[in-house]
Amino acid sequence: MDFEINLILFYGITFGILLMTIVYTFVRYLYSKEIFYISYCFMQIFSLIFIIGYSKLYEISHFYKEASFILASISALIFAINYYEGQFIPKITTYKELFINTFLLNIVILTAFYHYILFEYLPYTIIYAVLFISIVFNLKQGFKPTLIYVVGWSFFCIVLFIFDFKNFYITKGYFDLVLLVFTLEAVLFTVSIAYKYNDLKKQNIEFEKMVLQQSKFVKSGEMIANITHQFRQPLNNISYILINIKKRFESGKLDDVFFEKKIEQANEQLIFLSKTINDFKEFYEKSKNIEDFLVKDAIQNALTILSADIKKHNISISLDFEVYEGIKVFGVKNELSQVILSIVSNSIDVLKNKEFPKIFIRVLASSAEVIIEIFDNGGGIKPKNIKRIFEPYFSTKEEGTGIGLYLSKIIIEESFNGKLQVQNIEDGAKFSIFIEKAI
């Protein structure tokens, strides 16, 4: 009687752990949309049906039990392939590598065979075998979340084999070993999948950093045109200054007052050129100098980059501070410049064919936040698009990448702990950036 109660309790614990892993992996799938999460979730659902039938606590027909076993095996294979890390077939260039990989493959086959003999449940054996291959064929790849799963199960199998645990377990009349493996596998993989999630998160952050840098060069031709435009006028002015000095010198009318005046004018143009170079250099550099910086400087840097486009399309742009111009925020200046550039660049694209195009940038502040509003008279965003405007790779432009506003939102939320919002106004669209004031 006590044994039956304990057995029912053990089954209850097993059912509970399986339900926990089902919910956990399903929630992870909703956030990440990774196939390996949903395939593992389905494998555990079908495994739960199988173990319920296996327990005989509830009446389940033989057909449903076998169908759940087959579907669990298929789901396990899909999961293992998608969770697999590295190459399926290693590159073999020497006899030494051939010998080593053949030896390792034999270990995998023998261990997987013993795994099945020991636990008598094919889905888990499939996962174990495929992920074991992932480890042995990609040893040079370093630590992977898969290692937790494979090493844990391998150690468990070796211990059971050395001590002939299965025979001992059955002889003593303990609870069914299948129950134990269901419980341990679910717990072990929950740990492994947590590492996998963190690994994916790190990879996603690195990818976003790479895309952020690449997005700055997407319109490299236009940027070169902007630099050319910025340099042309100062260089022309310096040329005229030199011509004036030469003419005065040749006519014998070059005096100290005129010479000093022209030198001062030339220096002003050189300072302007130097500032322009610094603006472009600062915008494209990869370094993250986290510091207090002037909001005005970040805005001006972005407008410097886009000045040629603004003038080319006769766009009127105004910058209005409804707070003192020396207001600062904390973060990376060129990242805020990137956000402003992306928003203003989108406005320029919308305004190219508009009559009397205008862009307004307004800087306000509350007791705790700096608010940067950027709006135009481009007619606004279609209601069906405004909900998706910050989604990755969503664009309403034929040649748009759909990453500019997506990255802008990431930057504001993660780098500045702020908010980026959009709304339609009377004549156009308004983007609002909320960032905490620098202390």
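This is a predicted model: local features need pLDDT of at least 70, side-chain atom pairs count only at pLDDT 80 or more; totals for chains, interfaces and linings use all residues.

**Salt bridges and their surroundings**

At 10% relative accessibility, E373 counts as buried, because that value falls under the 20% cut-off.

What does E373 pair with? E373 forms a salt bridge with R362, and their closest N and O atoms lie 2.6 Å apart. This pair links distant parts of the chain, with E373 in strand β5 and R362 in strand β4, 11 residues apart. R362 is partly exposed, at a relative accessible area of 25%.

A further partner of E373 is K430, with the closest N and O atoms 3.7 Å apart in that salt bridge. K430 belongs to strand β7 and E373 to strand β5, so the pair ties together parts that are 57 residues apart in sequence. Both K430 and E373 are buried.

Let me turn to helix α14, residues 404–415, where E413 and K409 both lie, 4 residues apart, about one turn of the helix. Salt bridges that share partners join E322, R362, E373 and K430 into one network. The whole structure holds 6 salt bridges.

On the surface, D255, D256, E260, E264 and E268 gather in a patch of negative charge. D256 sits in helix α10, residues 256–284, and is exposed at 64% relative accessibility.

Finally, helix α2 covers residues 35–55 and reaches 30 Å from its first C-alpha to its last. Of its 21 residues, 15 are buried. Just after α2, K56 takes a positive phi of about 65 degrees.

Conventions
Residues are numbered from 1 along each chain as its sequence is written. Side-chain values use heavy atoms; hydrogens and water are left out. Patches are made of residues with over 30% relative accessible area and no salt bridge: like charges are joined within 9 Å, nonpolar side chains (Val, Leu, Ile, Met, Phe, Trp, Tyr) within 5 Å. Accessible areas come from the Shrake-Rupley method with a 1.4 Å probe; for residues, only the protein chains shown count as cover. A salt bridge is a side-chain nitrogen of Lys or Arg within 4 Å of a carboxyl oxygen of Asp or Glu. Lys and Arg count as positive and Asp and Glu as negative; His and the chain ends are not counted. The place of a charge is taken as NZ of Lys, CZ of Arg, CG of Asp or CD of Glu. Helices (H or I, at least four residues) and strands (E, at least two) are DSSP runs, numbered from the N terminus. Buried means under 20% relative accessible area, exposed over 50%, partly exposed in between (1.4 Å probe, protein chains only). The expected span of a helix is 1.5 Å times one less than its number of residues.
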